[in-house]
Amino acid sequence: MQILKLTHTIITISGCFRPQSWTSSFKRTVYYIYRLYVIFMLYTFTILQIMDIVLYVDNPDDFTNNLNMMLTMLASCYKIFIMCLNYENIVALINYLTEEPFKPLDSGEMKIRQQYDKIIRNNILRYTILVATTCTFVISSSLFTDFSHKRLKYREWVPYDYSSYVIFCLTYAQQMLSACHCAVVNVATDSLMCGFLMHICCQIEILEYRLKKISNNELTVGYCVRHHNRIFEFAHIVNVKFTKIIGFQFVASMMIFCSNLYQLTKSTLNSDHVPLIVYTSCMLTQIFIYCWFGNKVKLKSLELTDSIFQLEWPIMDNNAKKSLLIIMKRAMIPIEISTVYILTMNLDSFVALLKTSYSVYNLLTRVQE
């Protein structure tokens with residue numbers, strides 16, 4: 001059974017990972033060329049937007065107008081760099097889920113795995129549809145407004161004359177393609193992270209199922225202890241490999257939400273603000289799913305203590321009881337995914353993000369006054 005099948009497909013399309021089955025030199029070369037193309041599109045557009053801020057932006061309105069897309073592009077550039085850099089480590093994490101003690105041992109454990117695989121797949125589909133719908137709406141509205149008036153959708157420094165219709169079309173297409181690649185990279189990275197978090201919850205539930213089999217002597221307590229240790233190790237590795245991405249995303253999301261809020265409130269709302277509202281909602285959803293699934297891991301890890309308490313303790317020997325007490329003691333400290341080991345991923349952090357963004361927005365409005 002392939003783990004995170006849909007996520008792996010999206011990651012392949014994003015240019016982050018080549019398919020593991022592509023072992024021939026020709027296929028590897030083709031994918032490397034495609035990855036270089038994606039990286040070129042992302043980094044070129046990001047650099048041009050940064051140059052626009054450095055060379056031309058001189059007021060808060062132009063700054064916030066450029067900032068939201070520039071930060072989104074910068075985040076995607078950072079994500080694809082980290083993903084390519086940690087290719088072997090992430091593949092190893094996926095392979096861990098197919099090996100013991102994570103590998104399902106019977107039909108009951110297989111059913112638990114299949115339930116979580118279905119949840120992961122449905123969540124990824126919903127998130128992908130949301131992002132795809134947002135991109136389609138933004139591009140479609142731009143075609144009827146910006147493109148028809150021969151105006152670029154996003155601010156950027158263009159080091160050539162694009163007054164010619166053909167040159168303008170190529171420049172406009174470059175912006176739209178870069179934005180689409182940015183969306184795919186973000187979906188791929190977010191889906192992979194949330195998939196790992198859900199598999200941590202899945203392993204905790206499988207461990208609860210295995211603990212109930214101790215009374216029937218179907219499994220040893222030592223095997224469950226080893227499984228519990230591996231869950232903590234897996235969660236720690238996931239946190240280490242993704243902590244920089246999560247931290248950068250938190251900061252970028254806060255600044256994007258702040259700049260979009262500033263743009264929405266600086267003038268009367270009209271139809272031109274609809275794409276910005278949709279984009280802001282999508283960005284809030286992006287950081288919300290990190291906090292939501294991080295919160296689920298925390299709550300699920302705390303449930304383990306109650307599951308152990310409900311076991312048939314009187315029929316167990318003293319060694320088994322001592323081992324279970326050790327698991328209970330360790331399970332009292334929840335598994336928490338943190339951003340650069342400072343801010344934990346939970347619903348409280350999401351609320352704190354919104355409050356901080358609003359505070360920065362108030363600061364911007366006072367400076368403008």
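Is Thr12 buried or exposed, and at what relative accessibility? At 16% relative accessibility, Thr12 counts as buried, where buried denotes under 20% relative accessible area, exposed over 50%, and partly exposed the range in between (1.4 Å probe, protein chains only). The structure is a predicted model, in which local features need pLDDT of at least 70 and side-chain atom pairs count only at pLDDT 80 or more, whereas totals for chains, interfaces and linings use all residues. Residues are numbered from 1 along each chain as its sequence is written, and side-chain values use heavy atoms, with hydrogens and water left out.

Thr12 is located in helix H1; helices (H or I, at least four residues) and strands (E, at least two) are DSSP runs numbered from the N terminus. Apart from its neighbours within four places in sequence, Thr12 is in contact (heavy atoms within 4.5 Å) with Phe17, Pro19, Tyr31 and Tyr34.

Phe102 counts as buried because its relative accessibility is 1%. With neighbours within four places in sequence set aside, the contacts of Phe102 are Tyr96, Leu97, Arg113, Gln203, His227, Arg230, Ile231 and Phe234. The C-alpha atoms of Phe102 and Phe309 are separated by 23 Å, the two residues being 207 residues apart along the chain.

Helix H5 comprises 39 residues and reaches 56 Å from its first C-alpha to its last, close to the 57 Å expected at 1.5 Å a residue; the expected span is 1.5 Å times one less than the number of residues. The buried residues of H5 include Glu109, Arg113, Tyr116, Asp117 and Tyr127. Helix H1 (5–14), helix H6 (165–211) and helix H8 (274–309) are included in what covers the buried residues of H5.

In soluble globular proteins, nonpolar side chains tend to be buried together. In this model, the largest nonpolar core has 97 residues, and those with the most contacts inside it are Met193, Phe196, Ile200, Leu211, Phe242, Ile308 and Leu324. H6 gives the most to this core, with 22 residues. A nonpolar core is a set of buried Ala, Val, Leu, Ile, Met, Phe, Trp, Tyr and Cys residues joined through side-chain atoms within 4.5 Å. Beyond its neighbours within four places in sequence, Leu211 is in contact with Cys224, Leu304, Ile308, Leu311 and Leu324.

Leu324 is also one of the buried residues of helix H9, together with Ala320, Ile327, Met328 and Ala331. These buried residues fall within an arc of 100° seen down the axis of H9, so they line one face of the helix; the arc is that of the directions from the helix axis to the C-beta atoms. On the other side of H9, the exposed residues are Asn318, Asn319, Lys322, Ile326 and Lys329. The buried residues of H9 pack against H6, helix H7 (221–265) and H8. H9 (residues 318–331) has 14 residues and reaches 20 Å from its first C-alpha to its last, close to the 20 Å expected at 1.5 Å a residue.

A salt bridge is a side-chain nitrogen of Lys or Arg within 4 Å of a carboxyl oxygen of Asp or Glu, and by this rule the count comes to nine. In one of them, the side chains of Arg210 and Glu109 meet at 2.8 Å, N to O. Because Arg210 lies in helix H6 and Glu109 in helix H5, the pair ties together parts that are 101 residues apart in sequence. Arg210 is buried, with a relative accessible area of 0%, and Glu109 counts as buried at 0% relative accessibility.

Lys300 and Glu205 form a salt bridge at 3.2 Å, N to O. Lys300 lies in helix H8 and Glu205 in helix H6, so the pair ties together parts that are 95 residues apart in sequence. Lys300 counts as buried at 13% relative accessibility, and a network of salt bridges links Glu205, Lys300 and Glu303.
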